[in-house]
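We will go from stop to stop, with a note on what to pick at each one.

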Amino acid sequence: MSTPYLLLTPGPLSTSASVKEAMLRDSCTWDEDYNQIVQGIRQKLVDLATLTPEKYTSVLMQGSGSFCVEAVIGSSVPANGKLLVLTNGAYGKRIAQIAQMYGISTSIIDFGEVTPVTVEPLIQRLVEEPDITHVAVVHCETTTGLLNPIEEVGQVVKEHGKVYIVDAMSSFGGIPLDMHELGIDYLISSANKCIQGVPGFGFIIANREELQQCKGISRSLSLDIYDQWETMESGGGKWRFTSPTHVVHAFKQALQELEEEGGVAARYVRYKQNQDALAIGMERLGYRSLLPKSAHSPIITSFLYPDSEQFNFQILYHRLKHSGFVIYPGKISAADTFRIGNIGEIYLKDIHRLLEVMEENCFW
Ligand SMILES: *Cc1c(COP(=O)(O)O)cnc(C)c1O
C-alpha cells in the first residue's frame, strides 16, 4: 500500500476514523435492529433537507450517486412526459444522457462550462415547449465548482407548475438549503459527499405526493425509486435486494458527527473557510482560478494551469500524493485546469499544509 493521503477530491472524501470504525461489524440486511437504523437515517435526511418534513420522504438506493440520478429520471418522468435539463458541466450532461438512453423526450439548455444557469432562457423554453413536465438542474456543478442559483430556477419552475429535480450530490449537507422553500420535488445526493460517509449508496429526498404518483413508471427494475420506497415504507426500513450494511453503519455515524459539528450551517462555515484559504493561498502562489470569485462554491475549486512550459500536472500530482494529498484533474474542454476539493474531514491546518507543499513545488 502507498502512504495514506488526504482526498482533496469531489468524492469519495476523507472520512473520520470513527466513521471507518463503525464498519467493523456485520449485520443482517433483514434484521429489525438494522432496519431501525435505516428508518432513523431516512428520517434524519428529511429533517436535514427541510423544516417542513411532513411533506417529504426519503429513499436509499444501492450504488453510487449516478445510480440515484438515473433512478429518479427513469422513475419520475412518465412515458408522455418531457424533461428539460439545464446544463453547465459534466453532471448536467449526464442527466440528459440518462434521459436520452431511456428514450425520454428531452430538451436541453446548455449554458457552456463556466457560466451559472440564468432564468430568462428557462422561461422562454417553458413557454415555447409547454409539454415540458419536469426540469432538472445540478446545484454545485462539481465539474468546475460552479454553484447554480437553485432558488431562482425553482421559483420559475414552480410558477410554471413543473416537477423540479435537483442534483445536490456535492452540496447537500455542506450548504444549507430547505427543499420546501426552494420548491424541490426530488433532491439527490449520496453517502460519500458532504455527509462524509463512505461510498456505497445514494439517496433521494422526495415530495411524498409526487413520489406516490411514480408507481409503474420506472424503465428499470433495480432503479425503481417507487418500489424501493414502497418496500422501505411497508417493511419498516427493508431494502429490496442486498443492502450495503457496513456503509449504512458508517453513514449513521457520519450523520451523528454532522450533528456534533453543529449541523449543516457549521459544516458550511468550515468548508467556506477551507475554500477561502485555498483560493487566497493559491492566488498568492501565482495560480489563477477558472471561475470568478462570485461563482465559486465552498466545495471544490478549479485552477488554470500556470502559463509556463515547465508546468506538468502529472509531476505535481505525484509530488503532492507523495506528501499526503490527492488532487483531481480538470474536466472541461475550454481550458487546461486541475481541481482541489476542500470537503470531507479536512480542516484549515490541512489547507495550510497543502499550500506549503504547493509552494515547495512551484517548479514552473
Ligand atoms: C459526485 C457527483 C455525482 C455522482 O457521481 P458518482 O460518481 O456516480 O457518485 C453526480 N452529480 C454531481 C454534481 C456530483 O458531484
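Before the first selection, a term: a residue is buried when its relative accessible area is under 20%, exposed when that is over 50%, and partly exposed in between, using a 1.4 Å probe and protein chains only. This is a predicted model, in which local features need pLDDT of at least 70 and side-chain atom pairs count only at pLDDT 80 or more, while totals for chains, interfaces and linings use all residues. Residues are numbered from 1 along each chain as its sequence is written, and side-chain values use heavy atoms, with hydrogens and water left out.

**Stop one: Gln196.** Select Gln196, in the loop between β9 (186–190) and β10; strands here are DSSP runs of E with at least two residues, numbered from the N terminus. Is Gln196 buried or exposed? Its relative accessibility is 4%, so Gln196 counts as buried. Now show its contacts (heavy atoms within 4.5 Å): leaving out residues up to four places away in sequence, they include Thr15, Val19, Arg267 and Tyr271. Its side chain makes a polar contact of 3.1 Å with that of Glu345, and also reaches the backbone nitrogen of Gly344 at 3.4 Å. A polar contact is a pair of N or O atoms within 3.5 Å; within protein, one must be able to donate a hydrogen and the other to accept it, and residues adjacent in sequence count only if both atoms are side-chain atoms.

**Stop two: strand β2.** Select residues 56–62 next: seven of the seven are buried, so β2 is largely enclosed by the rest of the structure. Tyr56, Ser58, Leu60 and Gln62 lie on one side, with Thr57, Val59 and Met61 on the other. Look for Gln62 opposite Phe201.

**Stop three: the ligand.** Which residues surround the ligand? Among them are Tyr91, Arg94, Asp167 and Met169, where near means a heavy atom within 4 Å.

**Stop four: the core.** Finish with Leu86, Phe172 and Ile205, which touch the most other members of the largest nonpolar core, a set of 50 residues. Such a core consists of buried Ala, Val, Leu, Ile, Met, Phe, Trp, Tyr and Cys residues joined through side-chain atoms within 4.5 Å. Center on Phe172 to find Leu45, Leu177 and Phe203 among its contacts.

Notes:
Helix = DSSP H or I, 4+ residues; strand = E, 2+ residues; numbered from the N terminus. Pairing = 2+ DSSP bridges.
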